Amino acid sequence: MNNIMISLRHFRFPAVLLLALFVFSTGVSSVRAESVCDHVTLDWLQSQVTLPEDARLVFKKGQGVLCEAVLSIDGGLVPVYAGKDFIVVGRLYKDGISITRTTMSSLSDIADAERKKAEEKEAKAVAMRKFFFKTHAADLADLVSLSFSPKGASGKFIYVITDPGCSHCKALLDGLEEIAAETELVLKLIIYPVLGEKSKTMTAHAICEHLSYGAYRTLKRSDAVKGCEQASKLIDKTFDLLDKADISFVPLVVAQDGSWVVEGNDIPGVRRYMGLEPGPGEKSGGCKKTQEK
């Protein structure tokens, strides 16, 4: 999804994260400097930390006793420093000079190329998702868990694909309720718990207890039930369909006939497709699927 920030959150460490590493020793033989990167491969890095599926190793070079490695993740470059059996994420300094900044500056062409690849990949994915909803709009009706119907609602509606644990989804629903009241449009919610087991538990609670839209909007993470067969079947069915389009995030708003799709918390985008005045609000992000092992 667009505008997903590259950050240290891609990495999970059992120990304290070191933000800066200062190297004081320079008395290392050239033979040792040339060999410190021999073991540093993408597989080895993945054995040390959890990496996104699209991570690639694009550069490595010995820096004293450490191997400086640069990963491409979601179109951005992330430097790490590897020892024999550990890695550190942060900046490397030597004699008061940022080695990391020098390296990253030298990789500007690679950074531009990786960014372009990511943009092209995302553009293709967006086009594929739009085509998917155009051809599967009728299938969405079977996935609806609950609806919001404003006073005087007509027979027209839009689908809202959401996760009860996603803050962006909650913010989007605030704006969509205003649009629904303005246009007499029904909101049909498809609950897609991509944020892991807790979201699935909350979803099961909403389905098994037949929550109203209002009760769903006040659902807390502490709310839980054992689940029920109806919820299990509906959750599985939702994943089966949306996985076909490789949809790994929420929220999404889909036209009744699938003719348009708005991704993320983007009320201005929804209003634009519906021919409404822009109104207040700005486009923000979404919640990405948890990478569970």
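**Disulfides of the predicted chain**

Cysteine 166 and cysteine 287 are joined by a disulfide, with an S to S distance of 2.1 Å; a disulfide is taken here as a pair of cysteine sulfur atoms within 2.5 Å. This bond ties together distant parts of the chain, 121 residues apart: cysteine 166 lies in the loop between strand E9 (157-162) and helix H5 (167-183), and cysteine 287 in strand E14 (residues 287-288). Helices (H or I, at least four residues) and strands (E, at least two) are DSSP runs, numbered from the N terminus. The torsion about this S-S bond is about 85°, so the disulfide is right-handed.

The model is predicted: local features need pLDDT of at least 70 and side-chain atom pairs count only at pLDDT 80 or more, while totals for chains, interfaces and linings use all residues. Residues are numbered from 1 along each chain as its sequence is written, and side-chain values use heavy atoms, leaving out hydrogens and water.

Cysteine 166 is buried, at 0% relative accessible area, where buried means under 20%, exposed over 50% and partly exposed in between (1.4 Å probe, protein chains only). What, then, of cysteine 169 and its closest cysteine sulfur? That sulfur belongs to cysteine 166 and is 3.2 Å away, too far for a bond. Cysteine 169 is also buried, with a relative accessible area of 1%.

A disulfide also joins cysteine 208 to cysteine 228 (S to S 2.0 Å). Its torsion is about -100°, so this disulfide is left-handed. Cysteine 208 is buried at 16%, whereas cysteine 228 counts as partly exposed at 24%. The count comes to 3 disulfides, in the pattern 1-2, 3-6, 4-5, with bonded cysteines counted along the chain.
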